[in-house]
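This briefing summarises selected features of a predicted model.

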Amino acid sequence: MFQDYITYPRQTISPTILWEYDTNAPSWNWNEMAERVVQRVIQYGDRNDYYAMLQMYGGFEGVSKIVKNIPELSPKDLNWACFIFNIKKEETLCYTRKSLRKKRFNS
């Protein structure tokens, strides 16, 4: 899925999935906001948003690194991201943070 992102026509991230940000502002920086952008694409993005994300952030390898640093995803979104980007949930920050919280409350 999405393996043809290199040859796919150039896409842009839909501004509606980043509704509270002004992505056209001169101060907006796509690289500084990479975790938020990738998180929103996973949560709300359509096919074109996934292509744009892969084109913008270095393909599957680049996006996988970003996914691993996202602090919060729902279990459903985390499973989807792990499937698409071929990573283990134990490698993600959101999973390890959740596991640590459970241990703290159960001890």
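A disulfide is taken here as a pair of cysteine sulfur atoms within 2.5 Å. The sulfur of Cys82 has its closest cysteine sulfur in Cys94, at 7.3 Å, which is too far for a bond. Under this rule, the predicted model has zero disulfides.

**Cysteines**
- Cys82 is buried, at a relative accessibility of 10%.
- Cys94 is likewise buried, with a relative accessible area of 6%.
- Seen from Cys94, the closest cysteine sulfur is that of Cys82, and the 7.3 Å between them is too far for a bond.

**Helix H3**
- Helix H3 spans residues 59-68, and seven of its 10 residues are buried, so the helix is largely enclosed by the rest of the structure.
- The buried residues of H3 are Gly59, Phe60, Gly62, Val63, Ser64, Ile66 and Val67.
- Their cover includes H1, helix H2 (47-56) and H4.

**Thr23**
- Thr23 lies in the segment before helix H1 (34-44).
- With 15% relative accessibility, Thr23 counts as buried, because the cut-off for buried is under 20% relative accessible area.
- Leaving aside residues up to four places away in sequence, Thr23 is in contact with Pro15, Leu18, Trp28 and Trp30.

**Lys76**
- Lys76 belongs to helix H4 (residues 75-85).
- The relative accessible area of Lys76 is 69%, and the residue is therefore exposed, the threshold being over 50%.
- Lys76 and Gln43 are 33 residues apart along the chain, and their C-alpha atoms are separated by 9.3 Å.

Notes. Residues are numbered from 1 along each chain as its sequence is written. This is a predicted model: local features need pLDDT of at least 70, side-chain atom pairs count only at pLDDT 80 or more; totals for chains, interfaces and linings use all residues. Side-chain values use heavy atoms; hydrogens and water are left out. Helices (H or I, at least four residues) and strands (E, at least two) are DSSP runs, numbered from the N terminus. Buried means under 20% relative accessible area, exposed over 50%, partly exposed in between (1.4 Å probe, protein chains only). Contact means heavy atoms within 4.5 Å.
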